Amino acid sequence: MNTLKRRTGQPPRWADRLLEWFCAPHLLEEVQGDLYERFERNTTRLGPKLAQRQYAWEVVSFLRPFALKRKQNEYSSLPLFSIDMFQNYLKIALRNLARNKAYSAINIIGLSIGLAAAMLIMLYTKDEVSYDRFHANNPSIYRITSRDITPAGIVEHQQPYTGLFPGPKFHAGVPEIMSFVRYRENRKDLKLGNEVKSQTVFFADTSFFSVFTFPLLSGNPKIVLQAPHSVVISEDMAEKSFGTTNVIGKTLLFKEDDKFEPYTVTGVAKNCPQNSSIKFDVLMPMVVKGEDMANNENWFSVFMNTFVILSPNASPKVVEAKMNQVYLADARESIKLMAKKFGVQDKTEYALQPFTDMHLSKELPASNGLVDESNPTFSYILSGIALFILLIACINFVNLTVARSLKRAKEIGVRKVVGGARTQLIIQFLGESFILCFAAFAFALILLELALPTFNQLANKALALSYLFDTQLIIYYLTLFIVTSLLAGFYPALVLSGYNPVQTLYSRFNLSGKNYLQKSLVVLQFTLASFLIIASLTIYSQFNYLTSKDLGYDDKNLVVVDKSNLKRSEVKLLKEELLKDQNIIDVAPKNGGFWGTVAKINGDTQLSFAYETVNETFLPLFKIPVMKGRNFSKSFPSDSTQSVLVNETFVKKAGWKNPIGQVVDFWLDSTKYNVIGVVRDYHFASLSQEIKPELFTMKPGNAYAKAFIKIKPNTETASLQHIETVFKKLFPLSPYSYKFMDQENLKRYESEAKWKQMMLFGAILTIFISCIGLFGLATLSAERRTKEIGIRKVLGASITGIVQLLSTDFLKLVSLSFIFAFPAAWYAMDEWLKNYPYRINLSVWVFLLTAAIAISIAFLTVSWQSLRAAMINPIKSLKTE
Amino acid sequence: MKRTYLGEFEEIVLLTVAVLNDAAYGVAITDELDRQTGRSVSISAVHAALHRLEEKGMLSSHMGDATAERGGRRKRLFTVTALGSRALHDIRAMRDQLWNSISPNALPAISI
């Protein structure tokens, strides 16, 4: 009866497990015995349910220190870190590395590539994050930004720039704003000796050197920007212009209203740090005319950056609110005026952006005189690739170590038999992985040094290995080192140390199990590799598409020459002079930069469009066809004041059935124009933007700023010479520089070109590391099956048969990886392509090609080993025992 | 008079071990405590006390027989050591001494 009850009423299993887990082993027997005895009695007294509850409760009540505390081993326990054992571990590890050169090489090469990639990205991100942090006034420096809010309360547009007013007016009206500085970029012609060149200059308020930390080599930072014709130049600039940095009081000639004026050098600044959004060579005081400050409408002209310093305890939110109060009070009249004049309904709100947030901001980028704006996505993608590579290298390590462990099984068995504890074995194997990682780490540093120049070029950076000597980075790298060693070494250490000594010593031990882990790791590796192959193929073809797509105009043999304020008479003169050389086909002037404006069509509808000022030669020169109506013509003198041409998108947006003769009303300056022709759409901007409405005018008031010169093919040298001579003769005071249109067009896709290269590198590296891992595994499997192959051969198997036998296993895994890689890659690439209005379709071919590449590379890797194994004379493999 | 400090519960457990003589182990001690003092104590508290007493050297223990209702597990049987016995005697002597020092009418009567 007793036994029967025992079967029906057992104590709850979980409670038993719990007890066995936490209770110290030397107490377990008596404690559990006592509990069972009481349980038995309770079952008869109270019934099984209550007895079980009681049992559980009692188990829990044993969670006391005395029951948890483990008894010290009565034998003196082996010290985990004894020097003798360490020497032994080191010796064995080195012997193993030396004996298995191929595996050591695979592991070290793979890991060092992975580590180098990870270190590179750390350098990169560190640099990205460190932008603008060197200013002593951080974090109190802010940039004034603004946003337009529609009557419905939606933020329509964010504006990182400001005009003349916000700086001084907010400084005066908000006590928390300690000081402000306005900063803007411009170009001025600089005369050095007889040479005139166009120099980028920056204007800033006097407070510039007290707001920002740019040390001066000479000059008093408080007053260098006070006198109107003073200039602060950088070390570089001083060296370039005067050959020395001791240049205080010397003068530079800058063009102002057609004549060169002397500017006195009042200060020389150290070159701006590489990780600065503000980089200047020439800095001049910002001179604002009194009439500009008096014109209240200037609240609405926005063209530069304004920075402020807040008092240390000020809350940005409070300051923002005060700023907007100041704005609303000061600009009330002009807000009303604008609303009346232009029908502006949006509200403007001013805000503050921390100075250090600018560099990586997508919505409010560091531009308009600030440099190096950066897309954080790029950092993410790079980190992703680096992690992929490192992960794949670690997988190699795990796979190879576990697969190779068969050879070391005896060693493990012997160690255990003579009293090696599992912890000691774990320490030994972890130590080995540390040694390997250390070698890889040293190697990675060399690789890093070698790769940095190329990477700098790709990523547009000036990183140096000397950056490494920075405590924070060293800590990061050490962490990376330790994490990698643990990641790579922990699993093998755990598995190897768990071998049963009896099995290993009787040679009954094998790893012939399903080995799911190894297989799934191989699949993971090839999933990542295929993903990257697809990504780089797609980016590649999109890039090719962008660079080879018909832009709708002919950009071949087109030279662009800049000349600010190019007058109509000068155009005529230039053309006459240039055409004297028969290599020059035609000349067409155009406005500089990108202009845009708004006009009313169909009576009262507003349409914004690109606004191009050209003449009648422009369209024929670019071979842009006029679809309807006619081009501007000399035979219609009224064209310049009455007529415009528009592109097809303009017509579509306007909804015109009969575009010819329609009226475009420039109500801002109350002029009206008739449409005389429709131009076929062409990509006047980069292909990453959709074609927008475009309008061509010849309006005499609009200045030209560049000339397009069409030359005959293959006459570049002669033509350029002629152009230069003519230009210098006609405009001796203007800087001369030329560009080729087709090269300029290519430059628009620089970021895509970078992506392409990065992805390609990533894909090649991942494939390479995956393949050396596969190579190692194939070698091991061929070795393990030497006897089997021998017997098969003796029985008449062909070499092809054996190669097939050995390769199919791996090829299956590679094929399996496509199942995971393809959908992921398809999704990711589809999302990426959505960034482009003009894009390729993701084709099946990319995927097929990827599959072909991955399989053939894997096959080549594996078959080499398989072939070798299959070619061995069976006598050799069967004789040895 | 110097001696190892014994808590009240420890003292009672030590006494119970003495009471049970050769058959003192966790369950038996718990039951005996229940019967003699009427307080229901948890088995884990008894184990903790036994453990502490053994550490103090007042109890010694050895593993006894296995029984079926314990799932084949052995009992740990406790006996009072000389030190334990000395401690019990000391406590008793001290109490007696204190009782003897109480003047006859100092305590309020507890019965009629």
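What share of the contacts in chain B with a separation of 6 or more is accounted for by residues 24 or more positions apart? I looked this up before anything else. The figure is 48%, where two residues are in contact if their C-beta atoms, placed from the backbone, lie within 7 Å.

**Entry: ground rules**

I am working with a predicted model, in which local features need pLDDT of at least 70, side-chain atom pairs count only at pLDDT 80 or more, and totals for chains, interfaces and linings use all residues. Residues are numbered from 1 along each chain as its sequence is written, chains are lettered from A and ligands numbered from 1 in the order in which they are written.

**Entry: confidence**

I checked pLDDT, the predictor's confidence in each residue, from 0 to 100. Chain A has an average of 84, and 96% of the residues score at least 70. Over residues 1-7 of chain A the pLDDT stays under 50, and for this stretch the model has two contacts beyond four places in sequence. For chain B I noted a mean of 87, with 95% of its residues at 70 or more. Within chain B, strand β1 (residues 59-66) has the lowest confidence, a mean of 87, and α1(B) the highest, 92. For the complex I recorded an ipTM of 0.89 and a pTM of 0.67 from the predictor.

**Entry: the two chains**

I counted elements as DSSP runs numbered from the N terminus: helices are H or I of at least four residues, strands are E of at least two. Chain A has 29 helices and 22 strands. Chain B has four helices and two strands, in the order α-α-α-β-β-α from the N terminus.

For burial I used C-beta atoms placed from the backbone: a residue is buried if 20 or more others lie within 10 Å of its own, exposed if 12 or fewer, and partly exposed in between. By this count 35% of the 881 residues of chain A are buried, and 29% of the 112 residues of chain B. In chain A, 80% of the contacts between residues at least 6 apart in sequence join residues at least 24 apart.

**Entry: helix α4(A)**

I took the span of α4(A): its 14 residues reach 20 Å from first C-alpha to last, close to the 20 Å expected at 1.5 Å a residue. The expected span is 1.5 Å times one less than the number of residues.

Which residues of α4(A) are buried? They are Ala51(A), Tyr55(A), Glu58(A) and Val59(A). They lie on the same side of α4(A) because they cover an arc of only 100 degrees around the axis, the arc being that of the directions from the helix axis to the C-beta atoms. An α-helix has 3.6 residues a turn, so residues three or four places apart point the same way. The buried residues of α4(A) pack against α2 (13-22) and α3 of chain A, together with α3 (43-56) of chain B. On the face turned away from the buried side I found the exposed residues Lys49(A), Leu50(A) and Trp57(A).

**Entry: strand β12(A)**

I followed the pairing of β12 (residues 558-566) of chain A, where two strands pair if DSSP finds at least two bridges between them. β12(A) runs antiparallel to β21 (residues 704-711) of chain A over six bridges, with Leu558(A) opposite Lys710(A). Three bridges join β12(A) to β22 (residues 738-740) of chain A, also antiparallel. There Val560(A) has Lys739(A) as its bridge partner.

Most residues other than glycine have a negative phi, and most peptide bonds are trans. I listed the exceptions below.

- The peptide bond from Asn138(A) to Pro139(A) is cis, with omega near 0 degrees; Pro139(A) is in the loop between α7 (101-129) and β1 (141-149) of chain A.
- Asp132(A) lies in the loop between α7 and β1 of chain A and has a positive phi near 65 degrees. Asp132(A) is buried, with 22 other C-beta atoms within 10 Å.
- Asn21(B) has a positive phi near 55 degrees and lies in the loop between α1 (8-20) and α2 (26-37) of chain B. Asn21(B) counts as exposed, with 9 C-beta neighbours inside 10 Å.
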